[in-house]
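Please look through the sequence and the structure below, and then read the briefing that follows, which is grouped by topic.

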Amino acid sequence: MELIGENKAFGGKHLRYTHKAKTTQCDMTFAIFLPPFASADKPVPVLYWLSGLTCTDQNFMQKAGAMKLAAELGMAIVAPDTSPRGEGVPDDENNAYDFGLGAGFYVDATQPPWDKNYQMYSYITEELPSLIEEAFPVTKEKAISGHSMGGHGALVIGMSNQNKYVSVSAFSPISNPSNCPWGQKAFSQYLGNDKSSWEKYDASTLLANETHYIPMLVEQGTKDEFLHEHLMPQTLVHAAQQSDTQLTLNMHEGYDHSYYFIASFIEEHLEFHAGHMGLI
């Protein structure tokens with residue numbers, strides 16, 4: 001790993017690193033916030049945050065206002081990049097914001113040319129946690145959260161790996177990507193046109209087909225400009241009813257898709273995860 005940035009914050013440290021990733025076959029960047037007094041003698045649990053379209057590892061760290069409470073709770077936060085990047089990594093031929101660089105959708109691509117580098121599911125679930133647990137004073141106890149495309153990723157990863165995460169939450173997630181333009185564009189190119197291969201990356205499909213026991217919390221604003229065409233949180237509610245799974249969906253009047261929304265309710269999510277980590 002190479003340290004590329006360091007800032008003191010709320011008595012702890014915000015650090016940025018790059019490293020050569022085997023899964024994505026390129027250099028990957030991530031940020032980590034370590035609370036005060038985190039040490040080999042006092043390792044802390046980790047919240048993984050997955051960001052949305054066009055974002056990097058920095059959007060959440062700079063805009064969400066999460067570090068103060070994380071420092072008080074004794075919780076580390078890890079924010080990876082949203083896709084592979086670098087020379088030779090393919091991008092959308094029209095530089096579209098919703099596919100290619102900055103839009104990995106947290107899947108393991110199976111279709112060329114994307115399959116070489118776009119292995120974000122494996123990177124998030126396997127390679128990155130192994131690296132974090134080896135290099136930093138953290139425990140193996142972790143939770144996962146995210147926003148929009150990252151909310152989709154967090155829900156899918158949390159439900160598919162209930163033995164690895166104590167809880168999962170999401171802000172404005174792409175709830176049913178198989179049936180919205182963002183998801184259909186990405187899945188058809190990353191995974192191919194056989195829609196059966198999409199199912200394991202669709203939160204609503206996963207939720208409807210099996211009862212899940214991982215605690216799940218979702219926030220959604222009513223003035224979100226992507227609410228009806230791309231996000232469709234009602235599909236999560238219907239799916240949870242089908243499988244008799246407990247899901248908390250909070251609708252917030254007047255809030256949009258921005259980080260103003262995330263910052264307004266991030267403390268509730270940190271406390272939600274801290275409760276399941278045994279910190280409070």
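The buried residues of helix 5 pack against helix 4 and helix 7 (227–231), where buried means under 20% relative accessible area, exposed means over 50%, and partly exposed lies in between, with a 1.4 Å probe and protein chains only. Helices (H or I, at least four residues) and strands (E, at least two) are DSSP runs, numbered from the N terminus, and contact, as used throughout, means heavy atoms within 4.5 Å. This is a predicted model, in which local features need pLDDT of at least 70 and side-chain atom pairs count only at pLDDT 80 or more, while totals for chains, interfaces and linings use all residues. Residues are numbered from 1 along each chain as its sequence is written, and side-chain values use heavy atoms, with hydrogens and water left out.

- In helix 5, which spans residues 181–190, the buried residues are Trp182, Gly183, Ala186, Phe187 and Tyr190. These residues lie on the same side of helix 5 because they cover an arc of only 105° around the axis, the arc being that of the directions from the helix axis to the C-beta atoms.
- An α-helix has 3.6 residues a turn, so residues three or four places apart point the same way.
- Just after helix 5 comes Gly192, which takes a positive phi of about 95°.
- In helix 8 (residues 234–243), Thr235, Leu236, Ala239, Ala240 and Ser243 are buried. They cover an arc of only 135° around the axis, and therefore sit on the same side of helix 8.
- The partners against which the buried residues of helix 8 pack are helix 4 (149–160), helix 6 (203–209) and strand 8 (216–221).
- Asp244 follows helix 8 and has a positive phi, near 60°.

## Nonpolar cores

- A nonpolar core is a set of buried Ala, Val, Leu, Ile, Met, Phe, Trp, Tyr and Cys residues joined through side-chain atoms within 4.5 Å. Of the 65 residues in the largest nonpolar core, the ones that touch the most other members are Phe105 and Tyr190, and the largest share of this core, 7 residues, comes from helix 3 (residues 120–135).
- A second, separate core has 27 residues, among them Phe33, Ala66, Ala70 and Ile262.
- When residues up to four places away in sequence are not counted, Phe105 touches residues including Leu53, Met149, Ile174 and His152, and its contacts also include Trp182, Gly183, Ala186, Phe187 and Tyr190, which are the buried residues of helix 5.

## Pockets

- On a 1 Å grid over the protein atoms alone, a cavity is a set of points where a 1.4 Å probe fits but cannot get out, whereas a pocket is an open set with protein on both sides within 12 Å along at least five of seven lines, and lining residues have an atom within 4 Å of a point. Grid points are joined across faces, edges and corners, and a volume is the space filled by probe spheres set on the points.
- The largest pocket has a volume of about 180 Å³, and its lining includes Leu53, Tyr97, His147, Trp182, Phe226 and His257.
- The lining of the largest pocket divides into 6 nonpolar, 6 polar and no charged residues, where Ala, Val, Leu, Ile, Met, Phe, Trp, Tyr, Cys and Pro count as nonpolar, Asp, Glu, Lys and Arg as charged, and the others, Gly among them, as polar.
- The second largest pocket, with a volume of about 150 Å³, has a lining of 5 nonpolar, 5 polar and 1 charged residues; among them are Tyr213, Met216, Asp244 and Phe272.

## Backbone features in the loops

- Most residues other than glycine have a negative phi, and most peptide bonds are trans.
- Phe10, in the loop between strand 1 (2–9) and strand 2 (12–21), has a positive phi of about 55° although it is not a glycine, and at 49% relative accessibility it counts as partly exposed.
- Tyr106, in the loop between strand 5 (76–80) and helix 3, also has a positive phi, near 55°, but is buried, with a relative accessible area of 1%.
- Pro113 is found in the loop between strand 5 and helix 3, and a cis peptide bond, with omega about 0°, joins Pro112 and Pro113.
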